[in-house]
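Please open the model in your viewer and keep the sequence panel beside it.

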Amino acid sequence: MQTERKLELDHLGDWRRTHHCGELRPSHAGQKVFLAGWVDRRRDLGHLIFLDLRDHTGIVQVVLNPELSPSAHDKGEQVRSEYVVGVEGEVVVRAEQTVNPQIPTGQVEVQARQLLLLNDAKTPPFPLDDGARPSEESRLRYRYVDLRRARMQRNLRLRHQAALLVRRHMSEHGFIEIETPFLTRSTPEGARDYLVPSRLRPGHFYALPQSPQLFKQLLMIGGFDRYFQIVRCFRDEDLRADRQPEFTQIDVEMAFPQREELFEIIERLMQKLFALVDARMELPVPRLTYAEAMERYGSDKPHTGFGLEWARLTLPAAACQALKADPSAKALRVPAAEPLSRSQLDQLQDWAQASGAGWFSYIKNEPNGFRSPLTKPLGEAPVASLARAAGLQPGEILLLIGSKGETASSLKARQLDEASGALRLRLIERLRLAPRAPWNFVWVVDFPMFEYDEKENRFVAMHHPFTSPREEDLPKLESDPAAVKARAYDLVLNGQEIGGGSIRLHRRDIQARVFRVLGLSEEMARERFGFLMDALESGAPPHGGIALGWDRIVALMAGESNIREVIAFPKTASAVDLMCDAPATVDPEQLDELGIQIKQD
């Protein structure tokens, strides 16, 4: 019975890589090289052994020939996938019939003279080629293996190149990168904070920052004029494909800002970033007010690449009575080239009503006239009038939605807008529409300053409480908060918000008024934001900025739908690190030292 030989590992010693695997070309023929990497694949043809050697640059074929190097061939018999090896040998041009056109190095191979076995490896938990589809759980549990895949190598190297570009661009425009604290004060406005207990001050807690918002405002007060940072932020919130408990943003702030000046700097940055993936971006980026975005697209982060815009229609009195509806309705024309079946229309009706619309209907412009479920309750003439008012062309379908009840209200209007946005996205999905252009940027501006929270029975800030209202709306701040517009703006790409910012409040008196509208007493404001209020009295300049979602931007550049694909060590959708098994319990001694007791359910 033949016994398996024990694997003897080599030391790297003084060997240094001369080239990377993916760099070799026919121009390197005749050169002596030393390569190092992982064995992607091993093929034993008896007399010859072939190794596909891989590093982050690609794959090259290595030939182990016993006539050239018996020792290298002997070691090659012990090699398996993902073993770490070093190879010294000569680059030769392959015979024409053996050229591999599938890889850039396919015209050459390395004839090995020495093979170093630097480490062995267990069988990988899943195949590492891009065609494999391992489960997400396996990929995150064995992330150190998953990172070897070409897809992850491409994504993270793209992220690196993009970060270098960001730093160059911002520096060219006079911004300096300054680090801000990770251990700070909890300010419970918005998402939940991650809390960090203080050992030296029992019963007191730091919070991990949801953003450097207050610190960058203090830097403006400190006279730094233009600041940026590629910064880690933390939010304890429910996760989605574009959310992680810890995420990265490009944080930007500038003193004495004009909104259009900031927009131009950010637009030029986006143009440079997307040029890394050969994407063209037309400037300037279009602007939409929040009101226009909600009216036309039913969303404050609209995907403008599909058309399909909603328009406002006023229902005749007979229609209001028959439908028991508010007179103001919304209508969307579906082009003739995009037919909808009766079953699809029924599905859209169910979806519209589930999304908050009071009623849904449609009108078809067919060769023999207008056809609609509204014909029976309204009659042909009112239906034809509605169709003509909407400019319905032959073959097109007009979708109609509205609110129930004859009395209009801001709440019903918002519900209708949100329902129209959800219905539009479902329609795009049902028709499998492709956008007219691959990259659709838009600035959404003039957001409402406040929105009313029914649960808390008070106004809350739509962005954050440090956003400045428009100067012309200051007189309405206390008398009509719902009518106040903010100097806030979002940058949207293909229906995803990739950045949000505003011109800030730099005057203490106006900041105090905003806190009062938000229901914060002077004592509460002093407790939570006393340092900011003091700083605003120290000669605070007008200032404003933006935070760009770095993970989302890189994911879009890389063509990924989930930001986990561009983060080296992400969490699961339930905020768990499967690789490190975190969060985890800690020793009772640690809890005692911090003065913490676990509450048992």
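Select Asp225, which is partly exposed, with a relative accessible area of 36%. Asp225 sits in the loop between helix H5 (213–221) and strand S9 (226–234), and although Asp225 is not a glycine, its phi is positive, about 70 degrees. As you go on, please keep in mind that this is a predicted model.

**The whole protein**

Zoom out until the whole chain is in view: the protein has 601 residues, of which 46% count as buried. Its C-alpha atoms fill a box of roughly 95 × 75 × 55 Å along the principal axes, and the protein contains 16 helices and 22 strands.

Select strand S10 (residues 246–255), where you will find Val252, a buried residue with a relative accessible area of 1%. Leu219 is 33 residues away from Val252 along the chain, and the C-alpha atoms of the two are separated by 11 Å.

Glu253 belongs to strand S10, while Arg504 lies in the loop between strand S21 (496–503) and helix H13 (508–517), so the pair ties together parts that are 251 residues apart in sequence. Are these two partners buried or exposed? Arg504 counts as buried at 2% relative accessibility, and Glu253 is buried too, with a relative accessible area of 0%.

A polar atom of the Arg149 side chain lies 3.3 Å from the backbone oxygen of Ala132.

Another pair to show is Glu237 with Arg243, a salt bridge in which the closest N and O atoms are 3.4 Å apart; here Arg243 counts as partly exposed, at 22% relative accessibility.

Move to Asn440, in the loop between helix H12 (410–431) and strand S17 (441–445), which counts as buried at 9% relative accessibility. The side chain of Asn440 has a polar atom 2.8 Å from the backbone oxygen of Ala437.

Then select Asp490 in strand S20 (residues 488–493), a buried residue with a relative accessible area of 5%. Asp490 and Trp443 are 47 residues apart in sequence, yet their C-alpha atoms are 5.7 Å apart in space.

Why is helix H15 (residues 550–558) described as largely enclosed by the rest of the structure? The reason is that 8 of its 9 residues are buried, among them Trp550, Arg552 and Met557. H15 is followed by Gly559, with a positive phi near 75 degrees.

In the loop between H15 and H16, select Ala575, whose phi is positive, near 65 degrees, although it is a residue other than glycine; at 23% relative accessibility, Ala575 counts as partly exposed. Pro583 lies in the loop between H15 and H16 too, and a cis peptide bond with omega of about 5 degrees joins Ala582 to Pro583. For another cis peptide bond, select Leu283 and Pro284, where omega is near 0 degrees; Pro284 is placed in the loop between helix H6 (259–275) and strand S11 (287–289).

**Last stop: a charged patch**

Finally, select Asp587, Glu589, Asp592 and Glu593, which gather on the surface in a patch of negative charge. Glu593 has its place in helix H16 (residues 588–594) and is exposed, with a relative accessible area of 52%.

How values were computed:
Residues numbered from 1 in each chain as written. Predicted model: local features only at pLDDT ≥ 70, side-chain atom pairs only at ≥ 80, totals over all residues. Heavy atoms only, no water. Patch = residues over 30% accessible without salt bridge, like charges linked within 9 Å, V, L, I, M, F, W, Y side chains within 5 Å. Areas by Shrake-Rupley, 256 points an atom, 1.4 Å probe, with all protein chains shown as cover. Salt bridge = Lys/Arg side-chain N within 4 Å of Asp/Glu carboxyl O. Lys, Arg positive; Asp, Glu negative; His and termini not counted. Charge placed at Lys NZ, Arg CZ, Asp CG, Glu CD. Helix = DSSP H or I, 4+ residues; strand = E, 2+ residues; numbered from the N terminus. Buried < 20%, exposed > 50% of the residue type's maximum accessible area, 1.4 Å probe, protein only. Polar contact = N/O pair within 3.5 Å; in protein donor to acceptor, adjacent residues only side chain to side chain.
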